[in-house]
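Visitor: I would like to learn how to read the contacts between chains in a model, and I would welcome the general idea before each case.

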Amino acid sequence: MTQPETRKKALTIDPLKVSPPLGASLALLGVERGMPLLHGSQGCTAFALVLLVRHFREAIPLQTTALGEIETILGGTDNLEAAIRTLVTKSKPAVLGVCPTGLTDTRSEDMAADLRGIADRLHADLGEAWGETLLVHAPAPDFIGGLQEGWGAAVRGIVEAAARPRPRRAGHLTVLAGAHLTVGDLDALRDTIEAFGLTCTLLPDLSGSLDGHVPETWSPVSLGGTPRAALDDLGAASAILAIGEHMRPAADLLAERCGLPVTLLDTLTGLRACDRLTTVLTEVSGRSAPTAVRRDRSRLLDALIDSHFAAVGQRVAIAAEPDLLRGMVTIATDLGCRVPVAVTSTRAPGLEALPVDRLIVGDLDDLETATLEAGGCDLVIGPSPAIRAAKALHAPLIRVGFPQVDRVGSQHDCFTGYRGTRQVAFAIANAIAESHAEHHLRPPHPSPVEVPHDSDAPVAAG
Amino acid sequence: MTQPETRKKALTIDPLKVSPPLGASLALLGVERGMPLLHGSQGCTAFALVLLVRHFREAIPLQTTALGEIETILGGTDNLEAAIRTLVTKSKPAVLGVCPTGLTDTRSEDMAADLRGIADRLHADLGEAWGETLLVHAPAPDFIGGLQEGWGAAVRGIVEAAARPRPRRAGHLTVLAGAHLTVGDLDALRDTIEAFGLTCTLLPDLSGSLDGHVPETWSPVSLGGTPRAALDDLGAASAILAIGEHMRPAADLLAERCGLPVTLLDTLTGLRACDRLTTVLTEVSGRSAPTAVRRDRSRLLDALIDSHFAAVGQRVAIAAEPDLLRGMVTIATDLGCRVPVAVTSTRAPGLEALPVDRLIVGDLDDLETATLEAGGCDLVIGPSPAIRAAKALHAPLIRVGFPQVDRVGSQHDCFTGYRGTRQVAFAIANAIAESHAEHHLRPPHPSPVEVPHDSDAPVAAG
Amino acid sequence: MLSDRLAPVFDEPGCATNRAKTDAQKKAGCKPKGPAPGAAAGGCAFDGAKISLQPIVDAAHIVHGPIACEGNNWDNRHSASSGSDLYRRGLTTDLTELDVIQGGEKKLWKAIRQAIEKFDPPAVFVYQTCVPALTGDDIRAVCAAATERHGRPVIPVEVPGFVGSKNLGNRLAGETLLEHVIGTREPETTTPTDIALIAEFNIVGDLWQVMPVFEKAGMRVLSPITGDARYHQVAQAHRARASMVVCSQAMVNVGRKMQERWGIPYFEGSFNGVRATSEALRTFSRLLVEQGAAPDLIDRTEAVIAAEEAEVRRRFEPYREILAGKRVLLYTGGNKSWAMVSTLQDMGMEVIGTSVRKATDHGKDRARDLLDGADQKLFGAIPNAEMFRMLKDGEADIMLSGGRSQFVALNARRPWLDTNQERHHAYAGYAGFLVLAERIALTLTAPIWDQVNGPAPWDAGDTP
Amino acid sequence: MLSDRLAPVFDEPGCATNRAKTDAQKKAGCKPKGPAPGAAAGGCAFDGAKISLQPIVDAAHIVHGPIACEGNNWDNRHSASSGSDLYRRGLTTDLTELDVIQGGEKKLWKAIRQAIEKFDPPAVFVYQTCVPALTGDDIRAVCAAATERHGRPVIPVEVPGFVGSKNLGNRLAGETLLEHVIGTREPETTTPTDIALIAEFNIVGDLWQVMPVFEKAGMRVLSPITGDARYHQVAQAHRARASMVVCSQAMVNVGRKMQERWGIPYFEGSFNGVRATSEALRTFSRLLVEQGAAPDLIDRTEAVIAAEEAEVRRRFEPYREILAGKRVLLYTGGNKSWAMVSTLQDMGMEVIGTSVRKATDHGKDRARDLLDGADQKLFGAIPNAEMFRMLKDGEADIMLSGGRSQFVALNARRPWLDTNQERHHAYAGYAGFLVLAERIALTLTAPIWDQVNGPAPWDAGDTP
């Protein structure tokens with residue numbers, strides 16, 4: 001049991017966190033024809049947009065209510081209504097998600113009430129022209145948590161707006177996918193579910209929208225993602241599977257609305273987590289695990305064995321949001337690594353159970369300084385900006401989480417499921433081995449001076 | 001058109017090549033209950049065994065006829081017979097492959113005749129006890145080519161020993177898989193074939209034998225791989241698909257034996273190669289490409305676009321056996337890279353068409369020195385031992401081919417098909433970008449001396 | 001009250017937008033009409049101010065606000081440094097709900113102290129953002145006290161995002177420099193050829209491509225504002241003999257006020273391309289001589305220009321044929337709207353259109369002249385869908401723009417090159433001209449364009 | 001004829017296998033009976049010779065043969081170097097069919113020249129392999145001529161694989177050193193405490209773990225044979241005052257003949273574990289004093305031993321509880337067969353069995369003593385299937401062995417640690433004892449063993 005520490009410091013240096021509204025926006029981009037609308041000043045949207053673009057390298061639909069000084073002081077409801085009107089009529093999103101920002105939160109606007117009023121007025125005003133747009137309220141204050149909290153709030157908002165009681169649908173799962181799952185993770189999860197003969201609705205589903213495919217036309221809203229129709233049928237399933245602690249509020253609400261059983265798996269990384277998924281799918285499907293899944297498990301066992309050689313006893317410092325952190329700590333410690341320092345973005349339930357020496361709710365400077373204090377490490381796991389800490393610690397960096405701005409294709413990384421766990425185990429072992437290879441077969445201290453070969457050297461007499 | 005050069009040098013320095021009998025052995029390990037037998041001195045087997053173990057990190061069944069001085073001089077047929085007798089009775093392999101070595105080749109033993117004689121005698125002698133063992137002659141002289149040539153010879157030997165005319169079988173492909181395909185490649189190829197509603201026999205099939213799974217029992221022979229029964233039915237297909245130029249002799253023989261049409265694809269890396277595969281599978285299956293394949297193609301287009309930014313104009317030096325080289329040159333140049341130097345192991349058909357500045361049949365020292373002569377490079381692609389050249393060239397190394405002894409899980413790399421091409425495109429772009437990131441936002445020349453902040457500095461009067 | 005300090009900025013006489021206005025319009029200030037909710041793009045004033053000041057590499061830049069303002073934003077610029085990388089650290093007070101309720105001044109005070117203790121910077125910039133502005137944190141007072149306490153400048157930058165656009169933020173940053181920085185320190189030595197470059201931010205090393213040329217001509221960049229600047233270099237800008245405003249809308253106020261206060265002549269120019277660079281060098285040499293530099297500076301400068309231009313011509317040869325006649329859609333801003341046109345034309349390319357959204361009148365005129373008076377080639381904002389259509393229909397061979405519009409080109413499967421701040425290559429001056437030519441050539445000839453535009457097997461027609 | 005030179009090697013009186021034989025057996029030499037075709041494992045004579053000589057780090061090692069002999073084999077040893085890495089290069093004549101037909105001597109001659117031109121090594125070792133031996137390439141003649149031509153030793157190592165086992169190759173390498181290298185150069189200086197270490201190959205730095213201890217005791221390793229050796233160090237080995245044969249079967253001939261020729265006393269010892277290391281130090285100090293070193297060497301050595309042993313005891317504490325009572329299956333060779341037993345027992349572990357396949361009689365006796373005379377704990381070769389069963393049935397908690405048998409343990413899902421040449425950690429001397437304890441502890445406690453031995457979900461019983 002390691003209680004999370006919050007370092008007493010007024011100055012955050014190199015934040016690990018991004019803002020919750022960014023997370024909420026991203027979740028909304030995982031819905032077909034989704035459009036997030038940040039209620040704040042232009043910069044709130046611009047910064048989030050630029051960072052999302054740098055990470056995904058895709059067009060990111062994201063809008064702003066563009067509050068100015070006057071609206072900030074007098075209240076931004078008019079801007080919000082104008083923005084919604086413009087978007088509904090011009091871009092015709094299937095889901096329009098309104099994400100308040102620190103600015104509007106600070107004014108304590110009663111957004112929920114405002115939104116109801118706006119929806120009523122616009123419905124009356126626009127009539128048919130309103131179309132099928134689902135208006136979602138995704139309240140994720142800037143002040144609490146980071147990406148995953150915003151994401152969770154947006155998904156809960158979608159459930160709130162869309163979920164209705166439906167007849168159960170055998171052999172179908174509604175999967176509430178956490179922010180820690182990449183496109184590659186979602187692909188793998190869907191494949192695994194389908195391998196058991198089940199079907200599923202993923203909410204959100206970035207694997208259809210931000211997976212990097214080249215569309216044939218230009219779209220002002222997200223392309224792909226959870227289909228609009230599926231949102232009405234979130235309750236038409238035999239069970240709810242939620243991935244990540246931060247999906248619990250959404251899962252609980254959906255369960256309450258639709259009377260479905262919930263299974264929440266906090267991570268899908270690590271053998272035990274994958275086994276839990278297998279057990280769940282076996283139960284839901286009534287089928288035994290298919291050959292491919294069994295084979296993948298066996299391959300994972302071999303990968304764990306192969307990887308532990310380089311990994312045992314090595315020190316891994318990790319920075320990630322809570323649910324991603326959980327998975328990374330799990331696989332690192334499963335391989336026999338020690339985690340001297342883990343840094344995360346917020347106090348989340350269950351973190352105290354993680355087998356780490358120190359758990360800090362802090363920033364990337366904490367990662368660097370606390371790990372240095374602890375005697376350094378052999379590997380860093382974290383988002384791209386953790387490269388600075390990794391260099392200072394003379395350790396390689398395995399990039400996970402958000403943002404990853406210095407590489408392409410990160411959304412296709414898969415670090416969950418039997419295969420993904422295998423990949424991350426290999427990645428850990430190889431990163432450590434490659435880093436240590438510099439010193440392999442070299443003396444532990446500066447080498448003695450070479451005795452040069454000279455032909456004048458004394459030669460034995462006999 | 002770049003004609004392959006052979007550097008005039010008596011001394012090979014850091015060979016790229018491994019021995020053809022090693023390649024032949026490896027192919028035989030891709031058959032269920034296979035057992036390669038190297039006809040030579042103990043060392044021939046020991047070296048191959050150690051290297052295969054270091055690469056695959058799996059138990060490698062491999063035996064030797066253990067020729068001593070007397071047998072070397074007087075002829076080793078007795079040892080060969082004794083070895084076969086021991087193996088057939090003790091290990092009961094489904095396929096026992098005899099691979100001559102340089103030693104036995106030099107004596108010009110008529111191995112084929114010897115083997116027929118041995119088989120006759122042992123059949124007579126052992127009767128039922130001979131079991132189902134298929135005796136294969138895999139003549140791959142040490143003196144010509146490397147791993148892929150030995151592999152090709154072994155597969156041709158298996159076809160020679162097993163293939164018989166069979167009724168055609170609609171919707172089934174016999175796939176002759178080249179040595180350049182990893183376990184990950186084979187998994188992907190099978191999945192793609194099956195996505196078209198087809199079935200296939202892969203020969204050899206390392207994805208079942210050397211894929212890193214933890215078996216439940218100890219086996220003296222290979223576990224998994226192409227099933228013994230499938231060898232009798234190599235001709236029971238609607239077509240033959242051969243991957244790699246070096247599979248042509250085996251494919252031609254199988255076509256001749258069984259009257260099947262052959263499609264030979266020299267590589268599966270790069271958009272055009274993947275499109276060719278799609279076209280073949282569309283034709284054979286009579287089905288249009290499934291959604292998943294279309295999606296993967298679209299994702300590849302995006303990956304090519306995302307990756308080209310870092311890759312265009314960069315210089316990539318590559319060392320690989322011919323068919324692997326082809327794939328790597330293809331993707332590197334597709335992305336806009338230039339290949340100043342490519343080194344390969346042997347003169348193989350079609351290499352002169354590769355868009356490289358220099359193509360050298362040589363060793364890893366040629367890779368290093370020729371690339372230095374050409375002005376260096378930004379990236380090296382090659383097997384693990386190419387790390388020395390990469391370091392000398394101050395370039396990162398993407399490891400491909402054989403051997404990869406300094407990392408785990410290399411057999412799960414997939415660099416073929418739409419997905420695998422996407423992965424290698426990302427790998428190239430990321431390796432180059434990470435390497436250049438060292439210099440990013442830093443001046444092109446040594447930085448000027450920092451002016452220290454001092455509080456005594458003169459302050460403006462007004 | 002913040003608005004009091006904003007009025008003069010909106011009233012910038014150096015601002016072209018403003019000059020063209022009637023008196024009535026002028027009364028309203030040169031503030032552009034507010035952005036449309038639900039149809040806006042672009043950053044806020046804080047964004048603009050941070051862009052302008054962050055290139056001061058040895059200063060600590062502390063963002064006073066909730067996580068959104070810095071957590072989504074730090075180290076996302078490609079300004080390069082030849083020394084300290086303190087400017088790349090993400091420093092913020094990361095306000096929580098409690099801070100908002102209790103007020104954030106005390107936290108800011110501590111944060112400043114921590115930054116100074118950890119990094120010992122010569123100066124600290126503190127950026128005010130929307131939330132603490134709304135709750136009334138008085139960062140001026142905190143900064144004044146901290147300046148006193150720590151014996152070094154702690155400078156308030158009052159730029160809550162809601163006050164306006166990124167461009168306004170640029171100017172507010174300029175005002176901050178004028179109020180707190182420029183003129184606060186004397187150089188160790190001065191020369192008659194000392195110059196200041198205003199609003200050149202050394203994106204991926206642009207500055208370093210022109211520095212050697214200035215050196216060859218015998219001019220010294222006394223004060224880069226603010227690319228690769230040390231704080232003290234900005235503080236001594238008032239001793240420059242002439243200055244150039246490189247990005248015309250950003251920080252034109254700095255050039256004008258330096259002229260007002262210290263009599264330093266300024267001009268608007270660009271390092272985009274050979275012609276613009278030569279013109280900038282000529283103007284500088286003329287101004288410096290007017291200010292008292294030895295008259296042979298003009299000849300020396302001409303000699304440098306002649307040599308550099310000849311070298312560019314020679315080294316451009318390999319690209320000539322590749323680029324000749326290729327059609328470019330240019331979607332950029334500021335004086336790149338015209339300077340890039342001339343650059344691309346010098347490369348033998350055809351500019352089918354340029355966006356003049358953010359250009360001055362002067363810039364629009366120059367662009368129009370370069371495009372033979374073809375007004376239809378001067379675009380405002382092009383809707384993405386229309387841009388997609390133009391590219392998809394093959395009206396251009398390549399688009400040059402910033403990162404935001406890249407996916408319009410890429411999804412249309414057309415070559416695209418980043419010419420804004422996120423690019424990885426420096427295009428300034430003579431050297432940059434060649435780099436740009438190379439990048440365009442490499443991009444145009446990358447084999448992937450054939451591949452991504454080729455038919456899929458299922459579209460080829462001969463398969464089921 | 002090669003066999004002429006082989007006979008004395010087979011007749012090695014220092015060889016324990018040989019000493020135990022009847023006269024009739026002795027006549028047949030100590031060559032073990034030939035390996036069984038189809039049921040053999042292990043390397044060839046070339047392999048053994050290369051292992052023994054390649055650690056001479058500054059020499060060029062050229063393999064004269066087809067690609068199999070070097071292409072499958074180069075840089076696969078973990079001998080470490082504090083300087084040159086020439087020994088890690090893969091140098092071979094890579095014989096082709098044409099070379100075989102025409103004879104390979106000319107190619108070898110050129111290859112030697114190229115190696116000397118490129119690397120300028122102090123010496124070149126040329127390894128004869130099966131194919132050129134069969135076709136009759138006279139490498140002795142080529143090497144003699146090359147020595148003359150290039151003014152430095154070019155040394156033939158006649159070890160075609162077919163002449164016998166790896167162990168034979170070790171001895172042939174020793175003969176080569178005795179014939180061509182040792183005694184060919186005088187040291188710059190000598191001391192009364194100069195020693196030679198024979199058959200210590202500095203695997204992943206083993207040597208570096210004992211060097212500091214020798215230094216503390218005041219002994220100098222004049223000649224490491226051959227771990228981390230420079231050629232000249234081996235050449236001057238004849239001036240050592242005492243020598244130790246570290247891996248008992250490999251190169252015992254070198255120790256014996258150095259004693260014969262130069263009167264250098266030798267002993268067989270080990271650096272495996274605390275007891276063996278202390279014993280080696282004691283023996284050296286005794287022999288050196290007998291040879292004329294100052295008698296206080298013995299006290300100094302005892303003081304070092306006492307200090308080191310105390311330090312080991314102290315630092316071993318964290319591992320004591322983890323290792324206590326854990327059962328080890330030891331499957332190794334040479335004098336590790338007994339030395340490792342004592343080491344593991346010192347760690348509080350129970351050795352359930354040790355393989356004495358490659359141990360001398362002396363070694364077997366010591367192992368038997370350590371295991372309380374339990375002969376059933378002394379194994380010969382264990383068939384893989386039986387070893388798998390033992391491990392699967394949980395008879396041992398961990399297996400320590402070489403890379404070849406690892407998969408037996410790993411497929412049985414039992415902890416395994418490499419104690420042979422492919423390991424990544426050095427286990428020699430006092431320091432190595434602690435490293436070994438740490439590695440065993442880490443391996444035993446790695447959570448993966450629980451995981452890989454736990455039931456799969458489909459085996460758990462409560463699912464369909």
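Visitor: Which side chain of chain C meets the side chain of A:Asp365 in a salt bridge?

Guide: Side chains of opposite charge can pair when their charged atoms come close. A salt bridge here is a side-chain nitrogen of Lys or Arg within 4 Å of a carboxyl oxygen of Asp or Glu. By that rule A:Asp365 meets C:Arg89, at 3.5 Å from N to O. Please keep in mind that this is a predicted model, in which local features need pLDDT of at least 70 and side-chain atom pairs count only at pLDDT 80 or more, whereas totals for chains, interfaces and linings use all residues. Residues are numbered from 1 along each chain as its sequence is written, chains are lettered from A and ligands numbered from 1 in the order in which they are written, and side-chain values use heavy atoms, with hydrogens and water left out.

Visitor: With which residue of chain A does C:Arg89 form a salt bridge at 2.9 Å?

Guide: That partner is A:Asp14, with 2.9 Å from N to O. The pair crosses between chains, since A:Asp14 sits in the loop between S2 and helix H1 (20-28) of chain A, and C:Arg89 in the loop between helix H5 (67-71) and S2 of chain C; helices (H or I, at least four residues) and strands (E, at least two) are DSSP runs, numbered from the N terminus.

Visitor: Are A:Asp14 and C:Arg89 buried or exposed?

Guide: Buried means under 20% relative accessible area, exposed over 50%, and partly exposed in between (1.4 Å probe, protein chains only). A:Asp14 is buried because its relative accessible area is 2%, and C:Arg89 is buried because its value is 9%. Both belong to a network of salt bridges that links A:Lys9, A:Asp14, A:Asp363, A:Asp365, A:Asp366, A:Arg388, C:Asp85, C:Arg89 and C:Lys118.

Visitor: How many salt bridges does the rule find across the interface of chain C and chain A, and how much area is buried there?

Guide: The size of an interface is often given as the accessible area lost when the parts come together. Buried area here is the accessible area (1.4 Å probe) that two parts lose on being put together, summed over both. For chain C and chain A the value is about 5,000 Å², of which carbon and sulfur atoms give 61%. In this interface 65 residues of chain C are in contact (heavy atoms within 4.5 Å) with 59 residues of chain A. The rule finds 7 salt bridges across it. Helix H7 (residues 105-119) of chain C gives the most to the side of chain C that touches chain A, with 7 residues.

Visitor: What salt bridge does C:Arg113 form, and where do its two residues lie?

Guide: C:Arg113 pairs with C:Glu117, the closest N and O atoms being 3.7 Å apart. Both lie in helix H7 of chain C, 4 residues apart, about one turn of the helix. C:Arg113 is partly exposed, at 30% relative accessible area, whereas C:Glu117 counts as exposed at 60%.

Visitor: How do I read the strands, and in which order do the 5 strands of the open sheet stand?

Guide: Two strands pair if DSSP finds at least two bridges between them. The open sheet has the order S2(A)-S2(C)-S1(C)-S3(C)-S4(C), with mixed pairing. Strand S2 (12-13) of chain A and strand S4 (154-158) of chain C stand at the edges, each with a single partner strand, so one side of each is left without a neighbour in the sheet. S2(A) pairs with strand S2 (residues 91-92) of chain C in the antiparallel sense over 2 bridges, and A:Ile13 has C:Leu91 as its bridge partner. Strand S3 (residues 124-128) of chain C, by contrast, runs parallel to S4(C), joined by 5 bridges, with C:Val124 opposite C:Val154.

Visitor: Which salt bridges involve B:Asp365?

Guide: Within chain B, the side chains of B:Lys9 and B:Asp365 meet at 4.0 Å. B:Lys9 lies in the loop between strand S1 (5-6) and S2 of chain B and B:Asp365 in helix H15 (residues 364-373), so this pair ties together parts that are 356 residues apart in sequence. B:Asp365 is buried at 5% relative accessible area, while B:Lys9 counts as partly exposed at 24%.
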